[in-house]
Amino acid sequence: MTTKTTPASQLPTWRTLQQHHQAVRDLHLRDLFDADPGRGERMALDVLGIYFDYAKHRVTDETLKLLVQLANEAGLRGRIDAMFAGEKINVTEGRAVLHTALRAPKGRQIYVDGQDVVPGIHEVLDKMSVFAKQVRAGRWLGFTGKPIRNIVNIGIGGSDLGPVMAYEALRHYSQRDLTIRYVSNVDGTDFVETTRDLDPAETLFLISSKTFTTQETMANAQSARDWCLAALHDPAAVARHFVAISTNASEVSKFGIDTANMFGFWDWVGGRYSMTSAIGLSTMIAIGPEGFRELLDGCHAMDEHYRTAPFDQNLPVIMGLLGVWYTSFFGAETQAVLPYDQYLKRFPAYLQQMTMESVGKQVTLDGARVDYQTGAIYWGEPGTNGQHSFYQLIHQGTKLIPCDCIAFSQSLNPLGQHHDFLMSNVFAQAEALAFGKTALQLRAEGVPEELVPHKTFDGNRPSTTMLIERLTPRVLGELVALYEHAVFTQGAIWGVGPFDQWGVQLGKELANRIVPELAGGRELRHDSSTNALIRRYLLANRRG
């Protein structure tokens with residue numbers, strides 16, 4: 001594809017939206033609902049079992065019409081088609097972007113450089129299934145002949161955040177006699193605490209690194225190898241206690257892992273989009289091959305909806321456009337994701353990488369610096385915990401923070417009235433954010449005048465509520481793909497490349513330069529602040 005990109009601010013509809021924003025920015029949701037009693041039912045989509053209520057957003061029919069028009073002007077349809085066709089839309093790395101192919105059914109044909117990639121994908125899935133079934137059935141034996149009962153995934157970034165989120169989200173469906181844990185931080189505490197109560201003879205490590213050279217992952221992998229051999233004593237044990245998710249067979253073999261137990265993936269799978277590749281092996285072991293395929297089916301269903309649905313009825317497009325509206329026109333800097341389900345406690349952290357590494361960019365695809373805001377800061381915690389923490393700022397602070405509330409009609413763990421209490425809070429919080437409480441209402445309730453300013457809620461705080469029947473592997477897949485494609489939509493509008501992450505490279509390069517300096521005895525050639533910090537570290541460790 002051509003890299004020539006028109007900055008969003010130069011599109012005719014962008015300018016129209018700027019004028020429209022001036023006209024509607026002070027409209028209150030109270031007035032919008034009063035003027036349109038059917039708004040609550042009309043501004044909602046019911047797609048793949050997700051009831052997506054966006055009526056509590058500061059938009060009118062004209063706003064939505066203009067946003068869809070902007071998507072058309074920005075060439076979103078062509079970008080979608082190019083992605084699904086396997087074109088090399090990751091222009092700075094010369095790669096196709098085909099995480100969608102990872103969930104394509106057998107028989108679908110998707111070509112990259114003239115080769116149909118679908119058969120290879122299913123070959124890896126089948127290999128994963130055989131391995132997962134062996135581990136789950138206790139047939140994969142460690143070096144001493146004991147069945148493997150502990151799985152530790154070692155990775156970082158997309159090789160950790162996706163799998164750990166999926167495991168926590170789907171723990172209800174997991175095999176409970178298996179202990180599954182994750183190590184990502186190069187801080188030694190992460191590895192030590194994760195393995196403290198595990199038996200090396202019953203522990204299997206999944207080393208997740210495409211290149212098998214990622215500094216943090218390989219430092220943890222080496223510590224895992226040392227930990228294992230300290231108990232089992234024979235280097236041959238590595239082949240029974242380690243498998244690799246990687247493409248670098250020579251490094252995998254050098255580590256001591258049998259390459260027959262290496263699960264590969266492709267350069268057209270970006271890290272933060274990789275949880276449905278072999279990177280998801282820990283997820284498959286936890287919930288079984290059938291559950292994992294349900295997850296893939298959910299992703300694929302949302303992929304097909306995104307690929308085919310008209311933009312004004314397209315869930316990821318609407319979600320992405322609303323994000324553009326608040327980020328680029330209202331100047332909102334953050335987006336809260338508030339799952340009202342404890343199983344989704346890591347979902348906001350997963351979305352932080354998904355969104356901020358994708359559209360946290362300051363130049364367009366052809367290198368021109370943007371003159372508008374891109375990439376909101378994503379954050380959140382499960383409700384109702386967040387209500388007793390940061391909701392105060394959302395309700396009465398000075399910042400505009402759009403919110404996504406995700407809730408389920410049926411609990412996976414019914415307990416007394418707990419779920420009714422939980423759901424009452426979902427509905428109440430969205431209502432309070434939208435409509436607030438006026439000083440007039442407070443005075444009518446007899447609130448003392450000196451407290452009226454403190455108890456007034458301005459409202460007009462936008463939110464989406466997603467109401468789903470229950471959390472299943474398929475539904476999790478739908479949610480993952482929903483946000484993936486919403487981010488892609490935003491990238492297309494803003495004209496930025498959502499599939500590279502050059503911003504993480506400089507820190508890595510400098511860290512590699514500093515590591516040998518921390519051994520002591522070298523001249524330090526940094527700024528005065530960095531030099532002073534390193535000298536202080538060396539002194540504390542008696543190395544300088």
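**Close-up views of a predicted model**

**View 1. The loop that holds Thr384.** Thr384 is found in the loop between β11 (377-379) and α15 (391-396), where helices (H or I, at least four residues) and strands (E, at least two) are DSSP runs numbered from the N terminus. The peptide bond from Gly383 to Thr384 is cis, with omega near 15 degrees. The model is predicted, so that local features need pLDDT of at least 70 and side-chain atom pairs count only at pLDDT 80 or more, while totals for chains, interfaces and linings use all residues. Residues are numbered from 1 along each chain as its sequence is written, and side-chain values use heavy atoms, with hydrogens and water left out.

View 2. Most residues other than glycine have a negative phi, and most peptide bonds are trans. His233, in the loop between α9 (215-232) and α10 (238-241), has a positive phi near 70 degrees. The residue is exposed, with a relative accessible area of 65%; here buried means under 20% relative accessible area, exposed over 50%, and partly exposed in between (1.4 Å probe, protein chains only). Arg542 lies in the segment after α21 (528-540) and, although not a glycine, has a positive phi of about 55 degrees. Arg542 is exposed, with a relative accessible area of 76%.

**View 3. The largest nonpolar core around Leu479.** A nonpolar core is a set of buried Ala, Val, Leu, Ile, Met, Phe, Trp, Tyr and Cys residues joined through side-chain atoms within 4.5 Å. The largest one has 129 residues, of which Trp268, Phe347, Ile406, Leu476 and Leu479 touch the most other members. Helix α19 (residues 473-494) gives the most to this core, with 13 residues. When neighbours within four places in sequence are left aside, Leu479 is in contact (heavy atoms within 4.5 Å) with Ile50, Phe347, Ile406, Phe408, Met466 and Ile468. A second, separate core of 24 residues includes Ala221, Phe242, Ile257 and Met262.

**View 4. The salt bridge of Arg108 and Glu304.** A salt bridge is a side-chain nitrogen of Lys or Arg within 4 Å of a carboxyl oxygen of Asp or Glu, and the structure holds 25 salt bridges. In one of these, the closest N and O atoms of Arg108 and Glu304 are 3.6 Å apart. Arg108 lies in the loop between α5 (76-84) and β3 (111-112) and Glu304 in helix α12 (residues 281-308), so the pair ties together parts that are 196 residues apart in sequence. Arg108 is partly exposed, with a relative accessible area of 30%, whereas Glu304 is buried, with a relative accessible area of 18%.

**View 5. The salt bridge of Asp197 and Arg181.** The closest N and O atoms of Asp197 and Arg181 are 2.6 Å apart in this salt bridge. The pair links distant parts of the chain, 16 residues apart, with Asp197 in the loop between α8 (188-195) and β7 (203-208) and Arg181 in strand β6 (residues 179-183). Asp197 counts as exposed at 56% relative accessibility, whereas Arg181 counts as partly exposed at 24%. Elsewhere, salt bridges that share partners join Asp36, Arg42 and Asp61 into one network.

**View 6. The salt bridge of Glu93 and Arg95.** The side chains of Glu93 and Arg95 meet in a salt bridge (3.9 Å, N to O). Glu93 counts as partly exposed at 27% relative accessibility, and Arg95 counts as partly exposed at 29%.
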